[in-house]
Amino acid sequence: MTAQAERPTPSLDRHARTSPMLVPRRNYTDPGLFEEERVKIFRRTWQLICHTSELPEAGSYRTARIAGEPVAVWRGIDGVVRGFHNACTHRGVEVLLGAKGTCPGSVKCMYHAWTFSDKGDLTGVPFPRAYGEGLDKSEYGLTPVKVAEFAGLVFAAIDPAVENFEDYLGEAARYLREFMDGTEVIGRARWDYPGNWKLWTDNFRDNYHPQFLHRMIADGRGGMQPGRNYELASGHSMLTFPAYGGFNIEKYAAGLSAELGENLTLTVEDSASRGHTAQEQEARLAAWERDVRHGNTIFAVFPNFDLQYDADGSSIFLEVATPLGLDSTVVELIIMGKVGESAAERKRRLETGADSQGSWGKITADDLEASVRAQSGLQGTSLATSHMGRGLKPGRVGDKFDEYSLRCFHKLWNSYIDEEPIVLEKGFVHE
Ligand code: FES
Ligand SMILES: [Fe+2]
């Protein structure tokens, strides 16, 4: 009997960041990198806080955490939504309490009753004479955070020098505007899980896994369908694919052929094996606009905001994955409805959300299991990197089953951590 050949012990540094397809596993497990992310990513990017429909009247507010810091967005009696660090300038107590509430005009801190106006000014201090000349109220207003309202969504950013919001969205702006048109929030769900926030955002961008991890759903829908995968300047990404429900690949190809005047064939197998001709690739690109409007889209805005838009808006979910710690994340699902729709339609949307993407939904249960097991597996030192090279090729468009959107994310993540500008691929010219 021959002795089993000894396998070489992989070096921890093997495959350190040398390729866009290899992502260091320490990105998910290193406490130092987590602190760096807080400073270089979460303080410097825009975070979704809520929808304007959740701030319906003067005094409405919502609280959140950005980069671990408590913040609040608060609608003034003048109707303007402002953002503040939600910490009393006396001794730090949160001034606006709970996840949401209504506090018109001003708020009195629960601890020593300092009072702040809805513009953030310190307007009242009990027994002020005890301070003598030592307290200039104008220096003790709530510290502002930047707020951007876009397409009905309210985003906030801690860094006063953060990029203008529409510039930050880049090519993603027009789609976000379109997806959010005529919508309002009809439900929310949130859950914590013991894993790094990037495992959740990786998962949202990954359409390689559903046919396996969500096998039950894939089978119920008669298999998976092909689609496209785009990088949107500057670094956000979008997956598009035809709507579920009676989906038939031959019918889709025939319809597309008629529309384009081309004899187009598409098969799931072709798509997965990347066996398209140049003509097919062109046709698929041309079909993109149609897919976006009438099919399904998974839309990812760096760093942690995702949107899923199904079949003409039949389901619209927003998700935000907020890190609480290196291996602790809170995921918030926001279920959108269309303004003016019937109660029955609302009920259907909420049930669909709860059944699929909610905290106990079929899809979430699968994704949570995989993410938690990934966090556990990544603790090992057997290999230094995770492989995200599926469908690696030049250009800004890929196959739906590729790990393309993940690479978009990690490329941008690297650019923030290294503090170097992102370099976009050529090959996809957006109109
Ligand atoms: S901590 Fe707010 S008034 Fe003292
Ligand atoms: Fe999934």
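User: Which residue in β11 is the bridge partner of Lys146?

Analyst: The partner of Lys146 in β11 is Ala157. Helices (H or I, at least four residues) and strands (E, at least two) are DSSP runs, numbered from the N terminus. The model is predicted, so local features need pLDDT of at least 70 and side-chain atom pairs count only at pLDDT 80 or more, while totals for chains, interfaces and linings use all residues. Residues are numbered from 1 along each chain as its sequence is written, chains are lettered from A and ligands numbered from 1 in the order in which they are written, and side-chain values use heavy atoms, with hydrogens and water left out.

User: What makes β10 and β11 paired strands?

Analyst: Two strands pair if DSSP finds at least two bridges between them. β10 and β11 run antiparallel and are joined by 5 bridges, so they pair. Their hairpin has 2 residues between the strands, and Ala151 there takes a positive phi near 55 degrees.

User: How do you know that β5 pairs with β10?

Analyst: Strand β5 (residues 81-85) and strand β10 (residues 144-150) share 2 bridges in the antiparallel sense. In β10, Pro144 is the bridge partner of Phe84.

User: What makes β2 and β6 edge strands?

Analyst: The open sheet has 7 strands in the order β2-β11-β10-β5-β4-β3-β6, with antiparallel pairing. β2 (47-51) and β6 (100-102) each have a single partner strand, so one side of each lacks a neighbour in the sheet. On average, neighbouring strands of this sheet are turned by 30 degrees against each other, direction ignored.

User: Why is Val95 called buried?

Analyst: Buried means under 20% relative accessible area, exposed over 50%, and partly exposed in between (1.4 Å probe, protein chains only). Val95 has 4% relative accessibility, so it counts as buried. It lies in the loop between β5 and β6. Not counting residues up to four places away in sequence, Val95 touches Asn86, Cys88, Val107, Cys109, Phe116 and Leu142, where contact means heavy atoms within 4.5 Å. The C-alpha atoms of Val95 and Val107 are separated by 7.0 Å, with the two residues 12 apart along the chain.

User: Why is α4 called oblique to α13?

Analyst: The axes of helix α4 (residues 197-204) and helix α13 (residues 404-418) come within 9 Å and cross at roughly 140 degrees. Axes are lines fitted to C-alpha atoms, for helices over the stretch in contact, and angles run from 0 to 180 degrees between N-to-C directions. Angles under 35 degrees count as roughly parallel, over 145 as roughly antiparallel, 65 to 115 as roughly perpendicular and the rest as oblique. That makes α4 oblique to α13. Trp197, Lys198, Thr201 and Asp202 of α4 meet Leu406, Phe409, His410 and Trp413 of α13.

User: What makes α1 and α13 roughly perpendicular?

Analyst: Helix α1 (residues 31-42) packs on α13 at an angle of about 85 degrees, with the axes 9 Å apart. The two helices are therefore roughly perpendicular to each other.
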